[in-house]
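Please examine the structure shown below.

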Amino acid sequence: MPTQVGYARERGMSLIELCMALVMLTIGLLAAAQFFPAGSRSMTHDRLNSAASLYVQQKVEQLTGLDWTDPLLTLGRHPAGSTYEVVGSGNNLWQRFYIVSAMPAPLDNLRMINVGVAFNFQGRRDTVTSVTYVRR
């Protein structure tokens, strides 16, 4: 007849072992929970950045289709001064501007257009820019 001596020592987990396992699990979950706010901030910034890129691309496409003599392609900053064209709606407003520059000879048949869209995110200002050229 077999004895049950081996089973007496391995009947189950003690209360201390269970508490230690729960403490370790809690520490792991709290460490993992710190990544969620950072991920959410990153996703929001990327969404704003993508929208700014879209607004830049819209203006580039509009300007590249214009005739060389169009008033929108005159040299200088558009809109003039330090004002911006406000795009977007709701709480997220992007500020768009572009600068038309003449190229030196022998490239004087080109104009360089630098389009920028600025937005604020968590107290800092970010800008997405694109440079394109139009030919006479």
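**Core and surface**

Q: Which residues have the most contacts inside the largest nonpolar core?
A: A nonpolar core is a set of buried Ala, Val, Leu, Ile, Met, Phe, Trp, Tyr and Cys residues joined through side-chain atoms within 4.5 Å, where buried means under 20% relative accessible area, exposed over 50%, and partly exposed in between (1.4 Å probe, protein chains only). The largest such core has 20 residues, and those with the most contacts inside it are W94, I113, V115 and F119.

Q: Which element supplies the largest share of this core?
A: At least two core residues each come from α3, β3 (94-102), β4 (110-121) and β5 (124-135). Helices (H or I, at least four residues) and strands (E, at least two) are DSSP runs, numbered from the N terminus. The largest share, 7 residues, comes from α3.

This is a predicted model, in which local features need pLDDT of at least 70, side-chain atom pairs count only at pLDDT 80 or more, and totals for chains, interfaces and linings use all residues. Residues are numbered from 1 along each chain as its sequence is written, and side-chain values use heavy atoms, with hydrogens and water left out.

Q: Is L15 buried or exposed?
A: L15 is found in helix α2 (residues 15-33). Its relative accessible area is 63%, so L15 is exposed.

Q: Is F36 buried or exposed?
A: F36 is found in helix α3 (residues 35-64). The relative accessible area of F36 is 64%, and therefore F36 is exposed.

Q: What distance separates the C-alpha atoms of F36 and A21?
A: Along the chain, F36 and A21 are 15 residues apart. Their C-alpha atoms are separated by 24 Å.
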